[in-house]
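Trainee: I am new to this structure. Please give me a close look at a single part, the interface between the chains.

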Amino acid sequence: MTPQGLYCEPGGFFIDPVRPVDRAVITHGHADHARPGHQAVLATVETLAVMRARMGEGGAGAVQQPIGPGEVLEQGGVAIRLVPAGHVLGSAQVVLDWQGSRAVVSGDYKRQRDPTCAPFQPVPCDVFVTEATFALPVFRHPPPEGEVAKLLKSLALFPDRTHVVGCYALGKCQRLIRLLREAGWDRPIHLHGALAALCKLYESLGVALGPLEPATVANKAALRGAIVLAPPSAVQDRWARRLTEPVVGVASGWMRVRQRAKLRGVELPMVISDHADWDDLNRTVDEVGAPEVWVTHGRDDALVHALGQRGIRGRALHLVGLGEEDEGGTEAPPATGEGDAAAVRGVAAGTDVAAVSRGEGL
Amino acid sequence: MSVPAFAALLERLVFTPGRNAKLALLRDWFATQPDPDRGVGLAALTEELVFTTAKPSLIRDLVAARTDPVLLALSHDYVGDFAETVALIWPQRGLRPRGAAGGEHEAQAETYIVNAPPPALSEVVEALELTPKAELPALIGGWLDTLDSSGRLALIKLITGGLRVGVSGRLARVALAEWSGQDVAAIEEVWHGVAPPYLPLFRWLEGRDEKPDPREAPVFRPLMLAHPLEDADLAALDPPAWRAEWKWDGIRVQLTAGPGGRRLWSRGGEDITGAFPEIVEAMDFHAVLDGELLVIRDGAVAPFADLQQRLNRKQVTATMMRDFPVGVRLYDLLFEGTEDLRPLPFDARRARLEDWVARVSPPRMDLSAQIAFASLAQLGGIRDGARAASIEGLMLKRADSPYVAGRQKGLWWKWKREPLSIDAVLMYAQRGHGKRSSFYSDYTFGLWRPDGEGGEELVPVGKAYSGYTDEELAWLDRWIRNHTTGRFGPVREVEKHLVLEVIFDAAQLSTRHKSGVALRFPRIARIRTDKPASEADRLDMLMAFVERRAAPEGEAAD
Ligand SMILES: [Zn+2]
Ligand SMILES: [Zn+2]
């Protein structure tokens with residue numbers, strides 16, 4: 001069972017498993033957390049909607065059980081609640097109460113303001129399970145409004161150039177649109193085909209995004225001076241190069257490190273992340289007051305070190321398969337077939353998670 | 001304005017690949033920034049303004065006092081560039097302290113407390129000059145506290161040197177021309193007569209004053225450059241209409257001397273007068289010349305590596321001047337006295353140059369000899385026969401070509417030698433500098449040789465840090481991180497598995513290298529994942545490339 005991730009023994013269910021299981025609780029709709037083919041899926045209404053939109057009615061679980069805000073569900077003596085994680089629309093932390101102790105599996109989360117989803121709520125607990133995507137003190141996300149202002153300044157400076165910004169289809173794209181609207185950009189925003197469906201879904205779930213239009217490269221004259229949003233993979237390939245003198249931007253927490261951004265050929269890096277930065281990871285751990293913290297994926301070395309200095313026991317789970325869809329995945333090496341980092345991690349993961357589930361299963 | 005405005009400009013410049021976009025950013029800077037900061041910023045970008053007061057160790061100490069050593073080391077390892085690491089990790093003052101009491105929703109907005117305003121650029125320049133050394137840490141630490149991460153990076157790069165944003169003086173002057181509507185040639189003419197923050201220049205460009213008068217100040221004239229010769233171009237050449245010379249492997253320079261002073265300029269118009277006092281001393285004439293700066297011992301040109309010993313030195317010592325004696329091999333005469341020879345055909349200028357050298361015979365200078373040839377086939381043979389490390393190939397100049405600025409097609413060609421190639425094994429990797437410093441981008445590679453016990457061992461033969469694509473770099477960086485067997489400071493030793501095809505221009509004997517051989521300009525041509533390390537080349541094979549020591553024809557012609 002180890003490669004399948006976090007398992008709650010008394011409840012008999014997995015959280016964000018990487019392979020099909022009988023009972024899964026899903027924190028949010030990113031593909032590295034929500035995978036197809038589970039029997040029964042428990043998630044927020046929004047996450048289930050995202051899953052259906054992305055993998056079809058059948059892929060999103062044979063039995064889909066939505067759980068509303070404040071609702072508590074009992075499973076094998078374990079009380080399950082979902083609490084907002086502030087990561088993307090529908091994202092939730094899984095709060096598990098069992099025999100007087102409480103564990104919180106936070107999934108992916110952030111503490112910055114996001115007009116497209118409910119804010120993160122810290123829940124005091126005994127064991128806090130956290131991500132560590134940006135767990136180095138060099139990662140401090142600036143206020144996103146300032147990053148959007150950079151884009152608007154560039155549009156003023158280069159009014160004839162198409163500004164194409166790479167952003168993840170689920171969450172980042174819609175957040176960026178809302179931030180642009182707040183900054184006064186009320187012209188149509190053009191979308192690469194891969195982003196359209198989820199924008200529509202967001203709107204149907206009550207997140208207004210303003211005028212959106214498909215970005216057809218065929219009509220590139222109409223895209224002069226326009227904002228085009230596209231998946232990060234598309235901004236770097238020929239699709240974007242066919243636009244009129246494009247200014248290529250990417251909205252991601254990784255853009256904080258200049259040389260990494262530059263290597264990817266980005267002209268307008270925008271440090272906008274849907275993950276907690278270093279300060280917020282540490283602040284969150286302090287706020288939930290857990291004496292023990294498990295780190296699922298990311299830079300666990302730095303976080304575990306920093307926690308240890310404050311007397312908090314941190315342990316790295318090295319979970320396989322996380323951090324692959326959203327920003328966690330941007331650093332993946334080109335397919336080389338050699339020195340595959342994921343495979344190396346897989347070996348370590350087997351042992352670590354086994355130890356966790358044997359000794360201290362929830 | 002202030003450091004943050006300059007930081008925003010730097011950030012855009014760093015990420016902007018296009019020349020036109022860079023020009024637009026510079027025009028915006030000139031149009032929107034007040035004096036004297038716009039001039040100070042311009043000087044910093046073109047590296048006319050260099051600080052030496054704040055050493056990198058000062059920054060190191062400042063950050064060490066503010067951060068956990070383990071977290072700093074992990075961060076540095078990830079980011080690569082130390083200045084950038086400091087800029088990013090520097091504790092943000094005024095940010096609500098972590099773990100402070102507060103409601104759930106209050107935590108949503110990062111609240112900044114307004115501190116002292118960030119400094120103006122001109123303020124930084126002035127304070128760095130006036131502040132006693134002992135007070136520098138507090139001053140710089142205080143500035144860093146007022147800035148955000150990009151402001152901090154700009155400040156650190158500014159005061160420790162090394163902005164490296166790809167803005168040449170030439171590009172800046174083109175931007176000034178476009179912004180003001182003045183002719184770029186007119187700006188070039190006055191450029192070396194004005195100093196940062198260029199107030200008279202800006203007054204003139206904004207129509208508020210007369211054009212500044214460079215008087216007799218020595219002025220850089222843009223150099224004439226050559227195009228690489230392709231096979232198709234070669235076939236079209238008519239031998240009698242062309243002149244050939246060796247392409248010497250030194251640095252191209254312009255010598256300007258007259259009543260207004262003496263200057264030595266690099267190819268890009270950088271003033272390198274201070275680095276070569278013995279040349280300046282020899283410039284007792286009134287002329288403008290084009291030539292190649294070389295280390296020359298007893299009439300023989302030393303390899304480029306020797307000249308490198310003289311570059312980027314803060315101080316020129318007598319020992320350096322004795323051990324690495326420099327001279328200039330003259331290519332062209334641009335001005336004699338005040339007479340501008342540039343419109344004359346090459347043959348006419350050459351005659352004037354030969355005549356001038358015979359008459360003036362300045363010390364430390366000689367003529368670049370011309371190579372006679374009857375056919376292109378013969379010339380090709382001469383080119384391939386020249387293996388001296390000091391020769392890069394041939395220069396072909398059209399007999400009637402005037403001396404024109406820049407790279408005009410069809411007038412001058414450079415015909416480089418074919419590179420040599422070996423398949424070597426990657427042994428060590430080191431992080432690069434500048435934009436590559438978060439990647440393992442410097443590769444030490446080796447070849448096999450007998451280990452004296454019947455087996456074979458790898459011996460390092462060179463180091464390459466170019467030639468690869470960005471994808472290959474990312475791949476190599478990942479491979480190295482996953483195949484590290486040892487670490488020595490910034491260097492990683494790797495498993496001896498990966499074969500790299502390395503090309504280079506020449507091989508020469510060297511006592512400073514363990515292998516006994518040194519390569520000229522090695523670069524990575526290909527990653528040979530298809531080749532097992534055991535099939536990489538032997539040292540013997542490289543030794544066969546080592547050039548004969550005898551000088552090729554024309555080299556010793558004085
Ligand atoms: Zn996610
Ligand atoms: Zn994730």
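Mentor: The model is predicted, so local features need pLDDT of at least 70 and side-chain atom pairs pLDDT 80 or more, while totals for chains, interfaces and linings use all residues. Residues are numbered from 1 along each chain as its sequence is written, chains are lettered from A and ligands numbered from 1 in the order in which they are written, and side-chain values use heavy atoms, without hydrogens and water.

Chain B places 55 residues in contact (heavy atoms within 4.5 Å) with 55 residues of chain A. Between them the two chains bury about 4,800 Å² (accessible area, 1.4 Å probe, lost on being put together, summed over both), and carbon and sulfur atoms account for 55% of this area.

Four salt bridges (a side-chain nitrogen of Lys or Arg within 4 Å of a carboxyl oxygen of Asp or Glu) link chain B and chain A. One salt bridge joins E11(B) to K150(A), with their closest N and O atoms 3.1 Å apart.

On the side of chain B that touches chain A, at least two residues each come from α1 (3–15), α2 (19–32), α5 (69–79), α6 (82–89), α9 (149–160) and α19 (470–482) of chain B (helices are DSSP runs, H or I, of at least four residues, numbered from the N terminus). The largest share of that side, nine residues, is supplied by α19(B). By class, this side of chain B holds 24 nonpolar, 14 polar and 17 charged residues (Ala, Val, Leu, Ile, Met, Phe, Trp, Tyr, Cys and Pro count as nonpolar, Asp, Glu, Lys and Arg as charged, the others, Gly among them, as polar).
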